[in-house]
Amino acid sequence: MQKAAVVILNWNGKSLLEKFLPSVLAYTDPETAKTVVADNASTDDSIAFLQEKFPQTEIILLDKNYGYAEGYNRALAEIDTEYVILLNSDVEVTENWLIPVIEYMDQNPGIIVCQPKILSQRHNGFFEYAGACGGFLDKYGYPFCRGRIMDTVEKDHRQYDDLIDVLWASGACMFIRSADFKAAGGFDARFFAHMEEIDLCWRLKSRGKRIVCFPESRVYHVGAATLNVESPQKTYLNFRNNLLMIYKNLPEKDLSHVFKIRRILDYSAAFSFALKGKTADAKAVFKARKDFKQMKNEYKNIRSENISKTTCGKIPEIYSNSILLDYYLKGKKYFSMIFK
């Protein structure tokens with residue numbers, strides 16, 4: 001029986017499958033892992049293309065577009081392998097990207113989640129924005145990575161090739177034990193897309209689980225292939241989901257202070273968007289905060305459950321200062337300047 005399943009979520013992504021699926025099939029040992037495409041009710045000819053060109057690929061057909069979060073929840077409910085690898089459709093994998101990670105997790109049962117080194121498929125030699133070489137969070141809930149802080153993306157000089165614990169693994173390429181994914185409740189379906197992997201990983205870390213970046217494994221990610229980086233909808237989802245994530249996971253002693261600061265920072269971001277002429281993005285921030293307030297009551301029980309299941313105190317991978325202050329006022333543009 002195969003130990004793992006590489007699961008690619010697809011929505012109208014025939015061109016991406018045509019370009020990147022061949023590398024997955026070429027460098028994935030079929031005796032170790034099967035390759036599965038979970039389709040979010042695509043209206044292009046993705047499925048006919050797969051059936052004709054890649055009949056060895058398993059297909060899970062979903063009845064509508066559930067987004068990233070619930071799409072994966074439903075797909076993984078139908079998969080019974082020990083490990084699942086969530087892989088974006090715009091990721092090109094390399095030789096030995098998979099087996100060394102599986103072997104490492106086999107040897108270290110306390111490791112629940114791994115991510116490889118994620119490099120940019122568009123910009124040769126640079127890390128990719130969404131994940132880079134492992135994810136962290138600052139005290140106000142802002143994510144950053146080894147190799148990417150805010151808009152500064154570093155070139156890979158092997159400076160982050162050490163294997164380390166991180167707070168979150170990128171959903172672009174995430175290795176996770178199936179049992180732990182399901183035991184933690186999977187992704188939050190109401191997120192739809194963006195921040196759901198950070199929310200899940202924060203939940204796992206709070207419960208004493210380990211998450212690791214394994215840079216020996218390398219993949220190349222296009223990024224923003226489904227939802228453009230300039231999309232106001234992406235701005236909305238990032239702000240709303242980030243606030244929901246903080247509310248769900250932050251200890252009680254920090255909650256009031258963090259939300260007071262976030263109110264100032266979020267409205268400052270909206271003002272900055274407006275000054276740049278990005279009025280749709282500015283409105284998206286206001287809408288995100290409004291919708292968060294409306295949804296907050298729905299999350300009270302979820303927050304109580306998360307806090308009750310917390311088994312560890314301070315999480316070292318949550319930075320105790322403000323990444324915005326360090327980046328914009330102190331000029332700390334690189335991860336090596338933040339964590340020594």
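Tyr328 counts as exposed, at 51% relative accessibility. Exposed means over 50% relative accessible area, buried under 20%, and partly exposed in between (1.4 Å probe, protein chains only). The model is predicted: local features need pLDDT of at least 70, side-chain atom pairs count only at pLDDT 80 or more, and totals for chains, interfaces and linings use all residues. Residues are numbered from 1 along each chain as its sequence is written, and side-chain values use heavy atoms, with hydrogens and water left out.

Tyr328 lies in helix α11 (residues 323-329). Helices (H or I, at least four residues) and strands (E, at least two) are DSSP runs, numbered from the N terminus. Together with Leu325 and Leu329, Tyr328 makes a nonpolar surface patch of about 350 Å². Patch residues have over 30% relative accessible area and no salt bridge; like charges are joined within 9 Å, and nonpolar side chains (Val, Leu, Ile, Met, Phe, Trp, Tyr) within 5 Å. Accessible areas come from the Shrake-Rupley method with a 1.4 Å probe, and for residues only the protein chains shown count as cover.

Helix α7 spans residues 232-249 and holds Thr235. Thr235 is buried, with a relative accessible area of 10%. Leaving aside residues up to four places away in sequence, Thr235 touches Phe273, Asp281, Ala284 and Val285. Contact here means heavy atoms within 4.5 Å.

The axes of α7 and helix α8 (residues 252-275) come within 11 Å and cross at roughly 175°. Axes are lines fitted to C-alpha atoms, for helices over the stretch in contact, and angles run from 0 to 180 degrees between N-to-C directions. The two helices, α7 and α8, are therefore roughly antiparallel to each other. Angles over 145 degrees count as roughly antiparallel, under 35 as roughly parallel, 65 to 115 as roughly perpendicular and the rest as oblique. On the α7 side, Thr235, Phe239, Asn242, Leu243, Ile246 and Tyr247 take part. They meet Leu255, Val258, Phe259, Arg262, Asp266, Ala269 and Phe273 in α8.

A salt bridge is a side-chain nitrogen of Lys or Arg within 4 Å of a carboxyl oxygen of Asp or Glu. Arg262 counts as buried at 1% relative accessibility. Asp266 is buried too, with a relative accessible area of 0%. Elsewhere, salt bridges that share partners join Asp188, Arg190, Asp199, Arg203, Lys248 and Glu298 into one network.

Helix α7 also packs on α6. Their axes come within 10 Å and cross at roughly 10°. Helices α6 and α7 are therefore roughly parallel to each other. Ile198, Asp199, Trp202 and Arg203 of α6 make the contact with Met245, Ile246, Lys248 and Asn249 of α7. Asn249 counts as buried, at 5% relative accessibility. Not counting residues up to four places away in sequence, Asn249 touches Asp199, Trp202, Arg203, Arg303, Asn306 and Ile307. Leu98 is 151 residues from Asn249 along the chain, and their C-alpha atoms are separated by 31 Å.

Side chains of opposite charge can pair when their charged atoms come close. The salt-bridge count comes to 25. One of these pairs is Glu58 with Lys34, whose closest N and O atoms are 3.7 Å apart. Glu58 lies in strand β3 (residues 58-61) and Lys34 in strand β2, so the pair ties together parts that are 24 residues apart in sequence. Glu58 counts as partly exposed at 38% relative accessibility, whereas Lys34 is buried at 15%. Asp156 forms a salt bridge with Lys117, the closest N and O atoms being 3.0 Å apart. This pair links distant parts of the chain, 39 residues apart. Asp156 is in the loop between β10 (152-153) and β11 (164-165), and Lys117 is in strand β6 (residues 111-120). Both Asp156 and Lys117 are buried.

Backbone angles were also considered. Most residues other than glycine have a negative phi. Ala41 has a positive phi, near 55°. Ala41 is found in the loop between β2 (33-39) and α2 (46-53) and is partly exposed, with a relative accessible area of 25%. His194 also has a positive phi, near 80°. The loop between α5 (178-183) and α6 (196-206) holds His194.
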